[in-house]
Structure formats: structure tokens, C-alpha cells
Amino acid sequence: MLKLNLLEETRYEKVPVKIYSDDIEASVDVARRIAQLIKDKQAKGETAVLGLATGASPVKVYKELVRLHKEEGLSFKNVVTFNLDEYYPIQPDAEQSYVRFMKEQLFDHVDIDMANVNIPDGTLKQEDIAGYCLAYEQKINSYGGIDLQVLGIGRTGHIGFNEPGSAPNSGTRLVTLNDLTRRDASKDFGGKENVPKKAITMGIGTIFKAKEIILLAWNGKKAPIIKKAVEGPISNEVPATFLQMSNNAEFVIDEDAAVELTRFDIPWLVKDCRWTDSLTKKAVVWLAKTLGKPILKLTEADYNNNGMAQLATDFGPVYNININVFNKLQHTITGWPGGKFNADDSQRPERALPQVKRSIVFSPHPDDDVISMGGTFIRLADQGHEVHVAYQTSGNTAVWDEDALRYVEFAMDFGQAQGQDTTYLTNLYATMNEFFKTKKPNQSDPKEIRTIKGLIRKGEAIAGARLSGLRDENIHFMDLPFYDRGKFEKVVSYEDDVQQTMELLQQVKPHQIFAAGDFADPHGTHKVCFEIILEALTRLRKTEAWTADCWLWLYRGAWHEFEIHEIEMAVPLSPQEVERKRLAIFKHQSQKDLPVFPGDDAREFWVRAEDRTRVTARLYNALGLAEYEAIEAFVKWKFED
């Protein structure tokens with residue numbers, strides 16, 4: 001019966017999927033499977049042939065393999081490896097080269113014979129590539145094929161660098177990289193314009209010949225493409241869907257990457273559910289959005305025809321369910337994000353007391369505060385709360401080199417106009433000019449330039465915070481050490497960042513904390529900044545009484561919003577507040593027009609922010625609630641006591 005139930009739950013999934021609680025647990029298990037293959041081959045006196053991938057997904061697998069070698073004696077002397085791909089053209093010692101990646105992550109730390117390591121050559125003359133690729137295929141075949149192939153997956157659905165349009169029988173070849181793939185790599189190369197336009201990759205047909213294929217995917221950023229690859233139709237528009245035709249492929253993913261699979265996202269379509277309040281709210285909102293109907297107009301037939309008959313039967317009549325969910329959504333809406341004094345707060349997202357709250361907005365970069373929650377920021381200040389803002393990093397990476405030069409030019413001209421000695425500035429300007437002429441993609445700036453770029457963003461942040469109604473003494477620039485340290489060190493400690501955050505929290509003793517809740521990218525600044533806040537609060541909650549009355553609200557950035565069923569506080573904005581928020585964003589002039597890291601969206605930040613909040617308002621209205629100009633959304637963090 002258990003097996004039948006599992007088959008029913010996974011009936012939308014066309015390839016085996018193994019889900020782990022996190023990427024660490026999954027990586028350790030995959031590494032042990034690889035290790036067992038190596039040992040089994042050793043026992044037979046045979047060679048273990050591994051197909052290896054690069055990128056973030058296999059890093060912890062390689063880390064565990066290194067540990068197994070150093071601590072448990074796992075030998076790689078009988079191992080031959082073939083890497084999936086390499087950028088073209090690229091030098092093997094370039095920071096972004098996959099040769100360098102594999103050496104740093106695995107080969108330099110184990111006893112593999114480097115003569116047994118095969119990675120596509122990014123230095124070839126173009127006329128030599130076709131012959132090289134054929135020889136690469138022949139060499140794989142000479143070992144009897146690949147025993148175990150490790151894959152990652154890109155957001156285009158590529159495996160290796162087999163981009164949309166690739167054929168299922170394709171072999172090793174030179175390919176042109178998709179624009180989204182190049183955008184995703186832009187941070188590593190210091191801008192999309194520096195990312196190679198081509199790559200050499202094993203073909204899908206080559207990958208298919210492997211005796212075992214394991215595709216790895218971690219975090220919510222990969223969830224949409226995992227759903228397409230696992231549940232979608234087979235199509236060369238999503239090359240990973242070709243793995244559905246293999247009897248040897250398995251997807252190994254963590255819970256975050258699995259969230260959009262039907263059995264987790266819309267479980268009522270595949271099984272009987274335990275109908276909690278949160279699941280009921282999610283299901284009813286989903287039903288209303290799917291049918292394009294207000295919640296209060298949903299009928300019993302709507303429930304029965306869309307997999308929700310169990311909910312209607314167990315908790316109906318459905319109109320009562322509709323009213324209950326409608327009221328829950330209604331109660332998230334408040335014009336008083338700091339709580340409304342002398343009002344019944346039993347149905348409000350924030351407490352009425354104390355009347356004046358100490359609020360602190362943590363902003364990972366110097367503009368996240370006004371972009372993500374600028375209207376709420378302004379509302380809190382206007383309603384008389386003691387509002388603080390803490391800019392966690394300098395944001396110096398996201399300033400154009402030309403802007404840094406322009407500011408130094410201004411300082412030189414101003415100094416000369418005042419009759420001051422500008423020799424230092426003149427020399428600095430010349431040094432900067434020379435550095436920028438030879439600056440390599442993704443190369444870190446010297447300290448003086450980082451300072452200048454940080455000061456540019458600091459001035460912009462002060463202007464934006466002042467326009468939002470803050471006093472200067474409530475504007476805090478933390479400049480957390482991890483941000484610059486991460487540019488030069490592979491292993492970064494966050495202890496001093498946590499200590500600094502604890503000191504600020506002790507100083508303010510806030511009743512409310514607002515923090516960025518963008519967790520899709522586990523290596524992103526937002527994720528790191530939140531984990532620092534959470535660790536600081538976790539420690540303080542053990543000893544400090546004030547933390548018992550401190551609530552932590554999460555906001556999202558300019559790209560994605562919380563789902564409607566997740567939102568616990570929705571702050572509506574008037575047209576005038578939307579305009580004032582826009583002006584606060586405009587103060588961040590270095591991020592105006594074309595920022596250094598624009599992401600996938602070509603729109604300016606203020607446009608993204610306004611569109612995002614207007615979409616949220618329209619969704620509330622479509623569900624039958626009041627029509628607002630815009631809505632900023634928040635979710636309350638639940639501490640584990």
C-alpha cells in the first residue's frame with residue numbers, strides 16, 4: 001500500500017527523484033555512492049570512469065570525496081575523469097576556468113594521476129576543435145564509457161552546456177551559450193560582456209551512454225526548472241527533459257529545489273491531505289487564481305472538479321471555507337505596520353503596544369531598504385516610530401569604475417578651487433586610471449578604490465534614508481567584514497559579523513526587525529546577511545529579556561514577491577507614497593539606468609519595485625479584496641524555541 005501511495009504521489013514525475021533535507025546530506029550520500037563505485041572497481045582491478053560537473057551543485061560532493069580520501073583512505077589512483085564542459089576561449093589558469101575549478105575543488109587534494117584527468121581544452125584554435133571533440137568521444141569509448149556521470153542543471157534546463165535546441169543524440173562539440181546562461185555567469189566574470197560566448201561540451205548523446213546519471217540541484221532558485229525537467233513534456237527547449245528517456249538517470253535534490261513539484265506544491269491533486277489552516281489557505285487561493293474567480297464566488301463544483309473534494313467534504317460547506325480564507329487575507333492588510341495604538345489588535349498583523357516602537361530595517365545592500373519596503377519604511381517614520389536602518393554591506397562592488405573616477409575628479413577640482421594641495425588625489429587618479437586599463441574580469445579593486453565606491457553608495461543611502469524620514473543618528477553603516485573578505489578568501493568566517501550585529505541589536509533593542517528574505521540563492525549576499533542576523537538573534541534570545549518582544553519580519557527584493565497565501569502583513573500604499581518611494585530610490589544614482597549587476601530583468605529598479613507592488617495589489621483585488629495602488633508584503637519569522 002505504501003508503494004502504491006508513493007506512485008500516486010509521484011505520478012506527475014517522469015524520472016526518479018530522491019529528495020534530501022538539505023544539500024549537505026545529499027552531497028554526502030552522492031559522494032559515498034561514488035566512493036563505493038571506486039572501491040568496487042578497485043576490488044576487481046578495474047578503472048572507475050567518472051563524468052564530472054562544475055558549478056555550485058557538486059562542490060560539497062567534492063568536499064566529501066576529499067574528506068574520504070584524507071580521513072578514510074579513499075584512493076583515486078584507479079580513477080579516470082572526463083569533465084562535461086569548458087568555456088571557450090579561456091586559459092586553464094583563469095579564475096573562471098573549469099580546469100582551475102576542478103583542481104581547487106578536488107584534484108589538488110586527492111591522489112589522482114593528472115594524466116587520467118580529461119577536461120575540454122579552452123585554448124584550441126577553432127579549426128582544431130572538431131577533431132579534438134571527436135578524439136574526446138573516442139577516448140571515453142576506449143574506457144568502455146562513463147560509469148557514473150554527475151550533472152548540474154542550468155536555469156535554461158541545460159545539462160553540460162547543452163542549451164535549448166540541442167539534439168538528444170548530440171556529441172561533444174563547440175556550442176553557443178544562451179543569453180540567460182551568460183547572465184547567470186556574469187558575476188563570476190565581472191559582467192556579462194566578459195563571459196565567453198561559446199563553450200565546448202559533451203553532448204546529450206554522450207551523457208546518455210553513462211551507466212549511471214545523477215543530476216544535482218539545490219535551493220529554490222532551481223525549483224522552477226526542476227519542475228519542468230521532471231514533470232514537463234520532453235522537448236529540446238528544456239534539454240534536461242531528455243533524461244526522462246533514460247533508465248539510468250536520477251535527480252538528487254534538496255527540499256527547496258523540490259517545492260514546485262506537484263506533490264509538494266499542489267498536493268491535493270495527487271493525494272489526500274491533512275488540511276491545516278495554512279494548506280487550506282494555499283489551496284483556496286490557488287483555486288481562485290486558477291479559475292479567475294474571487295474567493296467568495298467559489299462553488300462546491302469548483303472544489304470537486306479541481307482535486308479539493310476532500311476539503312469540501314471534511315470541512316464544508318465550501319462557502320464557510322471561502323469566508324474563513326477571505327477573512328484571513330483581509331486581516332493581513334494594515335496601514336499601520338508598527339501597530340495601531342488604542343485599537344483592537346486581535347485581528348491585526350502587528351501589536352498595538354507599545355505605541356512607539358523601535359524598528360530596525362536591515363538592508364543587505366545600500367538600496368534594498370527603499371527598493372523592497374520603501375513605502376513601509378516611510379509609513380513607520382511618518383507614524384512616529386523610532387526607525388533605524390542598518391546597511392549591512394558597503395555595496396562597493398556594484399559601482400561602475402567610471403563613477404569612481406568621476407568622484408575623484410570632483411574632489412580634485414573642488415580642492416583646487418579651494419587652493420588646497422591635490423597632489424595625493426592627482427596621483428590616486430592616475431593610479432586608478434592605470435589599474436582600470438588592465439583590470440581583469442571579476443578582479444577585486446584595491447582598498448582605496450573600494451573605499452571610494454563604498455562612500456559613493458553611503459552618500460546615496462543617507463539621502464534615501466533622509467527622504468524617508470530618518471534622523472541621521474538612526475542611520476547605521478555596518479560594513480560587515482565578510483563582504484570584502486569574501487573577495488580574497490575562499491573560506492570566510494562570519495563570527496565578527498555576528499558580534500557586530502549583536503552589538504547593534506543590543507544598542508537599539510528593537511521591537512521590530514525587518515530583514516531581507518530572499519533565500520533562493522544560498523551564496524547570495526541577502527542569504528548571508530539574513531543568516532548573520534538570525535545567528536545574532538538566536539544568541540541574544542538566550543540571555544536578553546527584550547528579545548521576547550522582538551518580532552522579525554521578512555521582506556523580498558525587487559524581483560520576486562511572497563506568494564499571496566504566504567503573506568502575513570500587507571501594507572497598502574497610496575499613489576503619493578508610491579511616488580515618494582520612487583524618489584527615495586532615485587537617490588541611489590549609481591544604481592540608476594544600468595546597474596553593474598542588473599540580474600535577469602532589464603527594467604530599472606524603481607520600475608521593478610513599482611510593478612511588483614502593483615501586481616500584489618491586483619492579486620488581492622482579483623481575490624475579492626479592496627483595490628489599492630500598491631501593496632508591500634511581509635512574512636513573520638517563526639523562531640524555534
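Modeller: Helices (H or I, at least four residues) and strands (E, at least two) are DSSP runs, numbered from the N terminus. The model is predicted, and local features need pLDDT of at least 70, side-chain atom pairs count only at pLDDT 80 or more, and totals for chains, interfaces and linings use all residues. Residues are numbered from 1 along each chain as its sequence is written, and side-chain values use heavy atoms, with hydrogens and water left out.

Colleague: Which residues does a cis peptide bond join, and where does Pro-317 lie?

Modeller: Most residues other than glycine have a negative phi, and most peptide bonds are trans. Here, Tyr-88 and Pro-89 are joined by a cis peptide bond with omega of about -5°. Pro-89 belongs to the loop between β4 (85-88) and α4 (98-105). Another cis peptide bond links Gly-316 to Pro-317, with omega of about 10°; Pro-317 is found in the loop between α12 (309-315) and α13.

Colleague: What is phi of Asn-219?

Modeller: Asn-219, a residue other than glycine, has a positive phi, near 75°. Asn-219 sits in the loop between β9 (213-217) and α8 (223-231).

Colleague: How is a helix pair read, and at what angle do the axes of α10 and α13 cross?

Modeller: Axes are lines fitted to C-alpha atoms, for helices over the stretch in contact, and angles run from 0 to 180 degrees between N-to-C directions. The axes of α10 (residues 277-291) and α13 (residues 318-332) come within 10 Å, crossing at roughly 95°. Angles under 35 degrees count as roughly parallel, over 145 as roughly antiparallel, 65 to 115 as roughly perpendicular and the rest as oblique. The helices α10 and α13 are therefore roughly perpendicular to each other.

Colleague: Which residues of α10 and α13 meet?

Modeller: Contact means heavy atoms within 4.5 Å. From α10, Asp-277, Thr-280, Lys-281, Val-284 and Val-285 meet Ile-321, Asn-322, Val-325, Lys-328, Leu-329 and Thr-332 of α13. This contact of α10 with α13 has 5 nonpolar, 3 polar and 3 charged residues, where Ala, Val, Leu, Ile, Met, Phe, Trp, Tyr, Cys and Pro count as nonpolar, Asp, Glu, Lys and Arg as charged, and the others, Gly among them, as polar.

Colleague: How do the axes of α19 and α20 cross?

Modeller: The axes of α19 (residues 495-508) and α20 (residues 525-540) come within 9 Å and cross at roughly 60°, and α19 and α20 are therefore oblique to each other. Among the residues that meet are Val-498, Met-502 and Leu-505 in α19 and Ile-532, Ala-536 and Leu-540 in α20. By class, the contact of α19 with α20 comprises 8 nonpolar, 3 polar and 4 charged residues.

Colleague: At what angle do α14 and α21 pack?

Modeller: The angle between α14 (residues 368-382) and α21 is about 120°, and their axes are 9 Å apart. Their contact includes Gly-374, Gly-375 and Ile-378 of α14 and Lys-581, Ala-584 and Ile-585 of α21. It divides into 5 nonpolar, 3 polar and 5 charged residues.

Colleague: How is a cavity read, and which residues line the largest cavity?

Modeller: On a 1 Å grid over the protein atoms alone, a cavity is a set of points where a 1.4 Å probe fits but cannot get out, and a pocket is an open set with protein on both sides within 12 Å along at least five of seven lines; lining residues have an atom within 4 Å of a point. Grid points are joined across faces, edges and corners, and a volume is the space filled by probe spheres set on the points. The model has 1 cavity of 30 Å³ or more, and the largest cavity holds about 70 Å³ of space. Its lining includes Asp-367, Ile-371, Ile-585, His-588 and Trp-606. At least two lining residues come from each of α21 (575-586) and α22 (605-622). The lining has 5 nonpolar, 2 polar and 3 charged residues.

Colleague: What is the volume of the second largest pocket?

Modeller: The second largest pocket has about 290 Å³. It is lined by 16 residues, of which Ser-394, Arg-450, Gly-454, Leu-455 and Asp-479 are the closest to its centre. Helix α17 (residues 447-467) gives the largest share of this lining, 7 residues.
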